[in-house]
Amino acid sequence: MGGHFSMAYRRTLKRAIGCTGIGLHSGRPVRLELKPAPAEHGIRFYRADRDVEIACTLENLARLDHATTLSRDDVSVETVEHLLSAFHALGVDDVRVEVDGPEIPIMDGSAAPFVILIHEAGLRPLAVSRRYLKVLKPVEVVRGGKSARLSPADHFTVSYTIGFDHPLLRHQSITVRVAPHTFATDIAPARTFGFLREVETLRRAGLALGGSLENAVVIGETGVLNNLRFEDEFVRHKVLDAIGDLTLLGHPVVGHLEAVKAGHALHAALARELMATPEAWTLVTHPHLPVMEIPAPQPALAFDPS
């Protein structure tokens with residue numbers, strides 16, 4: 001069950017909870033378990049099959065090809081961004097993520113199953129104040145026609161614009177103020193997507209081996225092969241990815257992210273640029289933030305955590 005919690009304190013889970021699924025890129029079955037952790041533990045991934053722990057930090061960021069990968073001592077955990085996005089938006093600061101394979105299970109391709117897991121586990125406040133990364137000056141990275149920019153704001157807001165060489169995706173744009181309820185209803189259900197014409201190329205490269213219409217939106221030449229959950233589901237998923245990637249900063253963000261045709265690599269480049277510009281940010285506490293409620297999952301997206 002969910003409950004109320006104060007946004008002024010660090011939080012962990014009330015109890016351990018798990019699920020099973022397959023890896024999107026590896027296609028292999030994997031068991032995931034989320035466990036409570038002490039204050040200041042942060043988000044750490046534990047590869048149970050290799051007995052290696054990997055902290056969720058920019059220093060451990062590895063590959064960014066079609067997913068975000070963390071690595072330490074030649075051991076990696078792939079496709080962490082959807083789970084990290086749910087942690088960031090719902091306010092999970094300290095948690096141990098145990099996984100018995102090289103990839104977080106893709107579930108239905110969105111963050112909604114992870115919202116359900118967190119809701120079922122519940123959140124528990126810790127006796128340590130939460131610190132937020134507040135953006136003080138704009139920081140931007142630009143690569144050709146792609147860009148990502150963080151600028152000062154009173155809340156964490158994401159504005160994202162995408163455009164692809166496809167009639168269905170010429171232009172989509174959205175602005176979302178990131179909060180537990182807006183994330184759970186407007187962003188978390190948005191699924192990862194790909195083009196049918198690229199599937200064979202990805203699989204030859206050892207990627208998307210576990211992909212299917214059950215866990216990704218597939219775009220053909222003349223239409224989408226799935227039923228969409230939102231008319232602009234594609235750009236909403238890019239917002240989901242960006243929230244997850246910025247979790248690597250180690251603190252919830254207070255600022256405005258504006259991204260144009262960006263992706264994992266540009267999100268990471270922006271995070272690194274921010275860290276390299278110490279005058280552009282500071283850490284603050286918010287002792288008078290209101291009490292919020294953990295959003296309940298939507299019934300249509302429910303599944304049975306094991």
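Reader: Hello! Which are the buried residues of helix α2?

Author: Happy to start there: they are A112, P113, F114, V115, I116, L117, I118, H119 and A121. This is a predicted model, in which local features need pLDDT of at least 70 and side-chain atom pairs count only at pLDDT 80 or more, while totals for chains, interfaces and linings use all residues. Residues are numbered from 1 along each chain as its sequence is written, and side-chain values use heavy atoms, with hydrogens and water left out.

Reader: What makes α2 a helix that is mostly covered?

Author: Buried means under 20% relative accessible area, exposed over 50%, and partly exposed in between, with a 1.4 Å probe and protein chains only. Of the 10 residues of α2 (112-121), 9 are buried. As for the name, helices (H or I, at least four residues) and strands (E, at least two) are DSSP runs, numbered from the N terminus.

Reader: Which elements do the buried residues of α2 pack against?

Author: They pack against β2 (9-13), β3 (17-22), β4 (29-36), α1 (81-90), β10 (123-129) and α3 (180-187). Contact here means heavy atoms within 4.5 Å. After α2 comes G122, with a positive phi near 80°.

Reader: Why is T192 called buried?

Author: Its relative accessible area is 16%, so T192 counts as buried. T192 sits in the loop between α3 and β16 (193-195). Once neighbours within four places in sequence are set aside, T192 is in contact with L24, H82, G109, N215, A216, V217 and H237.

Reader: And why does A67 count as buried?

Author: With a relative accessibility of 2%, A67 falls in the buried class. A67 also belongs to a loop, the one between β6 (52-55) and β7 (70-72). Beyond its neighbours within four places in sequence, A67 is in contact with H25, T79, E81 and H264. The C-alpha atoms of A67 and A153 are separated by 28 Å, and the two residues are 86 apart along the chain.

Reader: What makes S151 buried?

Author: A relative accessibility of 9% puts S151 among the buried residues. S151 is part of strand β13 (146-151). Not counting residues up to four places away in sequence, S151 touches V135, P138, G255, H256 and E258.

Reader: How do you know that β3 and β4 pair?

Author: Two strands pair if DSSP finds at least two bridges between them. For β3 and β4 there are 6 bridges, in the antiparallel sense. Across this pair, C19 faces L32 in β4. The two strands form a hairpin with 6 residues between them, and G27 in the turn has a positive phi of about 75°.

Reader: Why is β14 said to be largely enclosed?

Author: β14 (157-162) has 5 of its 6 residues buried, so the rest of the structure largely encloses it. β14 pairs with β15 (172-177) in the antiparallel sense over 6 bridges, with Y160 opposite I174. β14 is also joined to β19 (256-260) by 5 bridges, and these two run parallel; here V158 stands opposite L257.

Reader: What is the strand order in the open sheet of 3 strands?

Author: The order is β18-β11-β20, and the pairing is mixed. β18 (253-254) and β20 (281-285) each have a single partner strand, so they stand at the edges with one side left without a neighbour in the sheet. β11 (131-135) and β20 pair in the antiparallel sense over 5 bridges, and L133 stands opposite L283 there.

Reader: How many helices and strands are there in the protein, and why is the protein called as compact as a globular protein of its length?

Author: There are 6 helices and 21 strands. The radius of gyration is 18 Å, close to the 19 Å that the globule rule gives for 306 residues, so the protein is as compact as a globular protein of that length. The radius is taken over C-alpha atoms, and the rule is 2.2 Å times the number of residues to the power 0.38. The C-alpha trace spans about 55 × 45 × 40 Å along its principal axes.

Reader: What share of the 306 residues counts as buried?

Author: The share is 55%. Among contacts between residues at least 6 apart in sequence, 75% join residues at least 24 apart.
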